[in-house]
Amino acid sequence: MTEQNHDNFAASDEDHIGPDASLLIVDDDGPFLRRLARAMETRGFDVETAESVAEGVAKSKGRPPKYAVVDLRLGDGNGLDVIEAIRQRRDDTRIIVLTGYGNIATAVTAVKLGAVDYLAKPADADDVFSALTQRPGEKAELPENPMSADRVRWEHIQRVYEMCERNVSETARRLNMHRRTLQRILAKRAPK
């Protein structure tokens with residue numbers, strides 16, 4: 001990419017972002033968090049990061065951001081608490097929720113609290129940028145490779161398994177599934 005093209009790309013990104021480019025990213029997956037933060041900085045955002053609910057809430061109170069990307073499942077609690085903290089201080093923040101387990105019900109709750117969209121992890125920087133800078137009324141593009149039905153089923157089983165603290169017997173009971181069948185599913189790689 002020539003320097004002139006790079007400058008045009010950066011200028012068009014800044015036009016999409018606006019004068020307040022503050023972005024808070026809250027995610028407890030350190031490598032993903034750092035990668036996304038670097039990618040968003042190259043697109044013109046002024047990025048702050050947090051790896052926990054407590055840190056996200058504290059940063060939201062100190063300097064409420066114009067943009068936020070919040071993971072719902074964090075080591076010390078639920079990302080919904082961070083969304084609420086942001087909304088108490090600023091009502092124009094564009095919030096995108098990341099969900100790693102395809103938990104649609106929680107994502108819907110996040111949207112009701114004021115998130116503008118949710119993305120399934122792993123989301124790439126282009127998806128996050130598009131969601132953050134989407135104009136009101138614009139329709140999001142359909143994903144080129146949406147999750148297959150097998151992948152959705154696998155994600156649901158993984159979520160229930162995690163909720164049951166990785167107890168196979170309890171997970172099998174809650175899913176009304178034979179224990180051995182569940183063990184075979186858990187031993188396999190995630191379907192595409």
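Contact here means heavy atoms within 4.5 Å. By this criterion, among contacts in the chain between residues at least 6 apart in sequence, 62% join residues at least 24 apart. The structure is a predicted model, in which local features need pLDDT of at least 70 and side-chain atom pairs count only at pLDDT 80 or more, while totals for chains, interfaces and linings use all residues. Residues are numbered from 1 along each chain as its sequence is written, and side-chain values use heavy atoms, with hydrogens and water left out.

The chain has nine helices and seven strands. Helices (H or I, at least four residues) and strands (E, at least two) are DSSP runs, numbered from the N terminus. The chain holds 192 residues, of which 41% count as buried. Buried means under 20% relative accessible area, exposed means over 50%, and partly exposed lies in between (1.4 Å probe, protein chains only). The accessible surface of the chain is about 11,400 Å², and carbon and sulfur atoms account for 48% of that surface. Accessible areas come from the Shrake-Rupley method with a 1.4 Å probe; for residues, only the protein chains shown count as cover.

Strand β3 (residues 67-71) contains D71. In UniProt, an unreviewed entry places the feature "modified residue: 4-aspartylphosphate" at D71. UniProt positions are given in the numbering used here, feature names are shortened, and annotations may be inferred rather than shown by experiment. D71 counts as buried because its relative accessibility is 3%. When neighbours within four places in sequence are left aside, D71 is in contact with V26, D27, D28, G79, L98, T99 and K121.

D76 belongs to the loop between β4 (73-74) and β5 (77-78). With a relative accessibility of 43%, D76 counts as partly exposed. Apart from neighbours within four places in sequence, the contacts of D76 are S52, V53 and A54. A54 is 22 residues from D76 in sequence, and the two are 7.6 Å apart in space, C-alpha to C-alpha. A polar atom of the D76 side chain lies 2.7 Å from the backbone nitrogen of V53.

Most residues other than glycine have a negative phi. N176 is exposed, with a relative accessible area of 73%.

A search of the whole structure finds one cavity of 30 Å³ or more. On a 1 Å grid over the protein atoms alone, a cavity is a set of points where a 1.4 Å probe fits but cannot get out, and lining residues have an atom within 4 Å of a point. Grid points are joined across faces, edges and corners, and a volume is the space filled by probe spheres set on the points. The largest cavity holds about 50 Å³ of space. Its lining consists of S22, L23, L24, D46, E48, K59, R63 and P65. Strands β1 (22-26) and β2 (46-50) each supply at least two residues of this lining, and β1 gives the most, with three residues.

Definitions and conventions
Polar contact = N/O pair within 3.5 Å; in protein donor to acceptor, adjacent residues only side chain to side chain. 1 Å grid on protein atoms, 1.4 Å probe; cavity = no way out; pocket = protein on both sides within 12 Å on 5 of 7 lines; lining within 4 Å.
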